[in-house]
Structures are given as structure tokens and as C-alpha cells.
Amino acid sequence: MKAFIIYLDTVEVSKRLAEESLRAAKDHGIDAVLYQGVHGGKDASSKLTQYNLELKKHKNRDLTKGEIGCFLSHYELWLKCIALNEPIIILEHDGIFIRPIPEDILDNFTDVVHLDPLRSVISPINLSSQYQDFVRKDLTKKIEYFYARPNGTDVAGEYLYGAYGYCIKPQAANKLINFVKNNGVHPADVVI
């Protein structure tokens with residue numbers, strides 16, 4: 001399964017974090033590539049028009065340019081998932097893999113699974129009981145990881161350190177795109 005690491009090549013810290021993420025993925029045998037994200041301040045308006053998407057207020061406020069760019073980056077990868085017609089992994093530039101992805105992970109969820117199921121906003125309801133048992137027994141064990149942020153927020157998830165990361169299947173990408181077409185653009189993690 002291919003992993004796509006969203007980053008902005010015009011933002012130095014994004015490039016640096018994405019390179020760390022790419023190295024960690026390769027260290028754990030994950031087929032990952034860098035994916036040029038949508039810059040909210042430069043490209044968002046034309047991309048919203050291109051995809052015929054409507055912005056909506058989230059919690060009675062307008063989305064920031066960063067939230068819009070982030071959403072559009074995920075949206076483009078949902079389109080890619082559909083075009084490839086295969087499951088993919090999507091993560092943001094500061095997501096760091098801290099262990100390999102289980103070989104049977106695709107057998108254990110229906111649409112989308114967060115790579116840190118214990119902190120997830122994605123409910124594990126659709127996960128098989130076998131995978132839920134695996135999460136409870138194996139993913140709660142402490143492991144050593146190599147990455148620490150300069151500001152001291154070095155909290156690790158179960159597969160991923162840092163930002164939002166998930167596996168998605170094509171039918172789920174299709175559902176998300178249809179949801180957005182009907183309900184407008186909201187922050188990516190909220191839509192998922």
C-alpha cells in the first residue's frame with residue numbers, strides 16, 4: 001500500500017518534516033512518496049473553483065486559509081485513491097511512522113482507519129472485533145521511537161507520531177467526496 005505524505009515545498013519546515021516522515025516510512029518498509037499539497041494562501045481559490053466546491057462555516061466561523069489548503073490536499077488524495085482504485089495511506093508532513101503497518105490491516109476495516117486508533121476521531125465501530133482486540137493488546141504497548149519535536153510535544157500514537165494519518169479505501173474516498181459535494185468544505189479531519 002502506497003503512502004502519500006502531504007507537504008508544501010515552498011515552506012522550509014514542511015519540507016524538513018516531510019523528509020523525516022519519508023525516512024521513517026522507508027525504515028518501516030512503507031512505500032511512501034512526498035505529495036505536494038495545496039497552499040491555502042496561494043492555490044486554494046482556484047482549486048475550489050476547479051473542483052466546484054463550496055466553503056461552509058465550521059462551528060460558526062470561516063475556515064482559515066491553512067484549513068482550506070489542508071482540506072484540498074486531502075481531497076486531491078481522495079481523488080487519487082479513486083483513480084488508483086486501491087487503498088492508500090495519507091498523512092500530513094509531520095506524521096512519523098513508528099512501526100510497520102500490519103500486513104492484514106485492509107482486512108480489518110471497512111472504509112477508513114486512523115493510524116492511531118486510540119486517539120482517533122474516526123470511530124473504531126466499523127473495525128472487526130479481531131482488530132479491536134489487536135488494538136487493545138498490541139498497540140497499547142510502549143515502544144521506542146526516534147523523533148522528538150523541539151517544543152517538547154513528543155507524544156507518539158500507535159503507528160504514527162504527530163499529525164493526522166489514515167488508511168482509506170476507494171469506496172470511502174468516494175463517500176467523502178460525495179459528502180463534500182452535498183455539504184461543502186469543512187476541515188479535513190472533521191469530514192473524515
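Of the 192 residues of the protein chain, 47% count as buried in this predicted model. The chain contains six helices and seven strands. Among contacts between residues at least 6 apart in sequence, 74% join residues at least 24 apart.

**Confidence**

The protein chain has a mean pLDDT of 79, with 74% of its residues at 70 or more. Confidence is highest in strand 2 (residues 31–36), where the mean is 97, and lowest in strand 6 (residues 160–161), where the mean is 46. One covers residues 119–128, for which the model has 21 contacts beyond four places in sequence. The other covers residues 138–162, for which the model has 74 such contacts, again counted beyond four places in sequence. Where pLDDT is low, the predicted coordinates should not be read in detail.

**The largest pocket**

The largest pocket holds about 360 Å³ of space. Its lining is made up of 20 residues, and those nearest the centre are Gly66, Glu67, Gly69, Cys70 and Glu92. Two or more lining residues come from each of strand 1 (2–7), helix 3 (65–84) and helix 6 (188–191). Helix 3 gives the most to this lining, with seven residues. Sorted by class, the lining of the largest pocket has eight nonpolar, eight polar and four charged residues.

**Glu92**

Glu92, one of the residues nearest the centre of the largest pocket, belongs to strand 3 (residues 88–92). Its relative accessibility is 19%, so Glu92 counts as buried, the cut-off being under 20%. The side chain of Glu92 is joined to that of His74 by a polar contact of 2.9 Å. Tyr166 lies 74 residues away from Glu92 along the chain, and the C-alpha atoms of the two are separated by 9.8 Å.

**Lys57**

Lys57 is located in the loop between helix 2 (44–50) and helix 3. Which residues does Lys57 contact, leaving aside its neighbours within four places in sequence? They are Asp62 and His186. With Asp62, the side chain of Lys57 makes a polar contact of 2.9 Å, side chain to side chain. His186 is 129 residues from Lys57 in sequence, yet the C-alpha atoms of the pair are 7.4 Å apart in space.

**Selected pairs**

| Pair | Kind of distance | Value |
|---|---|---|
| Glu92 and His74 | side-chain polar contact | 2.9 Å |
| Lys57 and Asp62 | side-chain polar contact | 2.9 Å |
| Glu92 and Tyr166 | C-alpha to C-alpha | 9.8 Å |
| Lys57 and His186 | C-alpha to C-alpha | 7.4 Å |

Methods:
Residues numbered from 1 in each chain as written. Predicted model: local features only at pLDDT ≥ 70, side-chain atom pairs only at ≥ 80, totals over all residues. Heavy atoms only, no water. pLDDT = per-residue confidence, 0-100. Helix = DSSP H or I, 4+ residues; strand = E, 2+ residues; numbered from the N terminus. Contact = heavy atoms within 4.5 Å. Buried < 20%, exposed > 50% of the residue type's maximum accessible area, 1.4 Å probe, protein only. Polar contact = N/O pair within 3.5 Å; in protein donor to acceptor, adjacent residues only side chain to side chain. 1 Å grid on protein atoms, 1.4 Å probe; cavity = no way out; pocket = protein on both sides within 12 Å on 5 of 7 lines; lining within 4 Å. Points joined across faces, edges and corners; volume = space filled by probe spheres on them. Nonpolar A, V, L, I, M, F, W, Y, C, P; charged D, E, K, R; others polar.
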